Amino acid sequence: QLHMKIIRDEQKFTITDFVWENKYSYGNYFRDDDNGPRTYKVGEKKVPSVTTILNATQSPEKKASLDAWRERVGHQEAQRIMIDASTRGTEMHYVLEQYINGKGYFNLSKKGAQARLMAHRLIEDGLGPLTKVFGSEVNLAYEDQWAGSTDLVAIYDGKPSIIDFKQSNKPKREEYIIDYYYQIAAYSLAHKKQHGEILQGFIAICTKDLLFQGFKMDQSKLSEYEDKWFKKVEQYYSTLSTS
């Protein structure tokens, strides 16, 4: 049984004990965040991202609870919290990507150190069952309906899996991560359409206080959310055509 090890040499950390297999030829789609909601260029078409569709089809309850939170903490503070989280998440993802690509990475800044510790916690507590990687930061598209980027396509616990890394300010209850389930389902559908089978999803979350949480989606949960995702996509396109 392979088990990931984190190794430090001189000025960088790397990880060992998993195999890269370039089984699929993944494409790269240009991502556009500058002109309104995020899109990807797939062929000649501008295709909405998974997050764009999720944001546009948000339930009124979710919108209301976000608004209430902003009112409660104040708009400036809400903005600061979101920017902090986003910076931390970006750095943590970058650390993980560099480790998985075998380049290794080390950032001495205070923010960099926290993101590195979070990445290490994800590896130590979450990625033990990972044996083979097919792709990291993989761009996926489902025809011209949606596109996005998943953190990892890999063999996890013996099954081909879509894996996403998330950071959080505090521990998550399952009802707070439904959007993550939708994301995994959207990537799973696109991967099956374009490349090959996916039997499982895994969401690996680390809080800023270094608490790890893993949420696994087995095949039945995956197909449940794939069905629900198609409904979201339908909802998204029907509101587009009426607006």
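1. Y142 is buried, at 11% relative accessible area. Buried here means under 20% relative accessible area, exposed over 50%, and partly exposed in between (1.4 Å probe, protein chains only). W146 is buried as well, at 1% relative accessibility. This is a predicted model: local features need pLDDT of at least 70, side-chain atom pairs count only at pLDDT 80 or more, and totals for chains, interfaces and linings use all residues. Residues are numbered from 1 along each chain as its sequence is written, and side-chain values use heavy atoms, with hydrogens and water left out.

2. The structure has eleven aromatic pairs. In one of them, the ring centres of Y142 and W146 lie 4.4 Å apart with planes at 10°, so this pair is stacked. The rule: rings of Phe, Tyr and Trp (its six-membered ring) pair if their centres lie within 6.5 Å; planes under 30 degrees apart are stacked, over 60 edge-to-face, the rest tilted.

3. Y182 and Y225 make an edge-to-face pair, 5.4 Å from centre to centre with 80° between the planes. The pair links distant parts of the chain: Y182 is in helix α5 (residues 178-194), Y225 in helix α6 (residues 219-242), 43 residues apart. Helices (H or I, at least four residues) and strands (E, at least two) are DSSP runs, numbered from the N terminus. Y182 is buried at 11%, and Y225 is buried at 6%.

4. These residues belong to one aromatic cluster: Y142, W146, Y181, Y182, Y225, W229 and F230.

5. Two lysines deserve a look. The charged end of K228 sits over the ring of Y225, 4.4 Å from its centre. The charged end of K166 sits over the ring of Y180, 4.5 Å from its centre. The test is NZ of Lys or CZ of Arg within 6 Å of the ring centre and within 35 degrees of the ring normal.

6. Helix α5 has 13 of its 17 residues buried, so it is largely enclosed by the rest of the structure.

7. Now the whole protein. It has six helices and eleven strands. Buried residues make up 45% of its 243 residues. The C-alpha trace spans about 60 × 45 × 35 Å along its principal axes. Among contacts (heavy atoms within 4.5 Å) between residues at least 6 apart in sequence, 64% join residues at least 24 apart.
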